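Dear colleague,

Please find the structure below, followed by a short account of what was found in it.

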Amino acid sequence: EKMKTIIRNPTIVTASDTFIADVLIDNETISAVGVELDVRDATIVDGEGKYLLPGGIDVHTHLDMPFGGTKTCDDFYTGHVAAAFGGTTTHIDFAIQPKGGGLKDALNIWHEKARDKAVIDYGFHVIVTELNDQVLAEIAELPAQGVTSIKMFMAYKGILQVDDDTLFKAFEMCRDVGVLPMVHAENGCAIDVLVKHELAKGHSDPIYHALSRPAKLEGEATGRAIALAEVAGSPLFIVHMTCEESLGQLRAAQDRGAKIYGESCTHYMFFTLHDLDRPDFEGAKWVCSPPFREKKDQEAIWKALRNGTLSVVSTDHCAFKFDGQKSLGRDDFSKIPNGVPGIEERMMVMHQGGVNDNRFSLNQLVALTATNPARLFGLEGRKGSIAAGYDADLVLWDFKAHATLSKENLHSAVDYTLYEGHVVKGVPQKVWVRGELVVDGETFLGQPGNGKFQPRKVFEV
Ligand code: URP
Ligand code: ZN
Ligand code: ZN
Ligand code: ZN
């Protein structure tokens, strides 16, 4: 049985407000927010001089996922421990439709992966890989299973890529049933040709991964997906946007009044394609799709985060160990498993690069990492803010404490961090998931199995 907890005098930060008050946690929920709350039998936590943020929501992660001839190295336990230490209390993972199977099969497989391991709360998007009438009908049945978003890939030819008729038919169905479609927008057909050209020239190093996936092909696919969604009359969420070309398409669609939303991922603001150009195959750690871009693209992302063109910052946490996994592509960049870790680092580096470095406000940090993700993905009213009636998913944030990010003090099962040696000011000190204190300083207190699947509401933004 959980006790009542009162957090005294933190500076509460929501997407719209910053104010000092007490927060009362009663069992799993926030039961009151107010000044000088008078409560007996409550554990008191001193929040003075700290921020209290809504727990982070990461709507783009890949835990325990088979990909690139191997499997991501974080499962729903190690990934959740890392997330919790980073101040993330809910994530939405991707369940992949198996070859020859349906969407329910995908969900059954992923529910099994999370069962008994989960520490933080979670939901699923379903990745549609093959569409027929039966699968189309299954999209309509997803909301009843608490799943209100699907994803399709316009890249990874021969593996996950779908064609335009699949995209269009799925968008039409999504429109009718309140499911938000998501796309990975890169022109996979052209990329496939470019990759073969590079390999034929004997170019095998990691940098050729980035050079064979030009920004123009992300811009093209983004524009195409938006056009298909506009004609179908469906909303659309574009994942991991990286460059001026695609952000321009997003902005133009929003200016037309279309319900098109965009996400970028933490790492794109901190690294460029030149990070892939390192000796001893080290650049493989930076191999992900879309690839890292140029300085001007980073600036375009920061600007789009600041002015609201982009709604969400997620991690696309897709961790492969350098030793034994990234190394599968030592002689051929196209065999390097695509993906980078970051589930623990997100809140700290976005607070550093965004708030401390004056690129956007603290309220915007909360909007981008919790409130907007909750609103777009059907968790509004329950998660993503701090108010009476909300789940007590909370982060007591010590904005004066410094930390040096390093593989040595992070918690993922992966054997590196892109941010090795990066110094941040501002770290999570205590983290609660539905009222359960799961992180207290360096100590992990969570229990596997306590994280719960979160059924989500249909899209109605
Ligand atoms: O390289 C990446 N991003 N790997 C994860 C799968 C995806 O495309 O999101
Ligand atoms: Zn992707
Ligand atoms: Zn350059
Ligand atoms: Zn991804």
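Strands pair if DSSP finds at least two bridges between them; strands (E, at least two residues) and helices (H or I, at least four) are DSSP runs numbered from the N terminus.

This is a predicted model, in which local features need pLDDT of at least 70 and side-chain atom pairs count only at pLDDT 80 or more, while totals for chains, interfaces and linings use all residues. Residues are numbered from 1 along each chain as its sequence is written, and chains are lettered from A and ligands numbered from 1 in the order in which they are written.

Strands β19 (residues 423-433) and β20 (residues 436-440) run antiparallel and are joined by four bridges. Within this pair, Trp 432 stands opposite Leu 437 of β20.

Around ligand 1 are His 62, His 184, Cys 288, Ser 289, Asp 316, Cys 318, Asn 338 and Gly 339, each with its C-beta atom, placed from the backbone, within 6 Å of the ligand.

Finally, Ala 225 touches Met 154, Leu 167, Val 183, Ala 185, Leu 236 and Ile 238, not counting residues up to four places away in sequence.

Yours sincerely

Notes: Contact = placed C-beta atoms within 7 Å.
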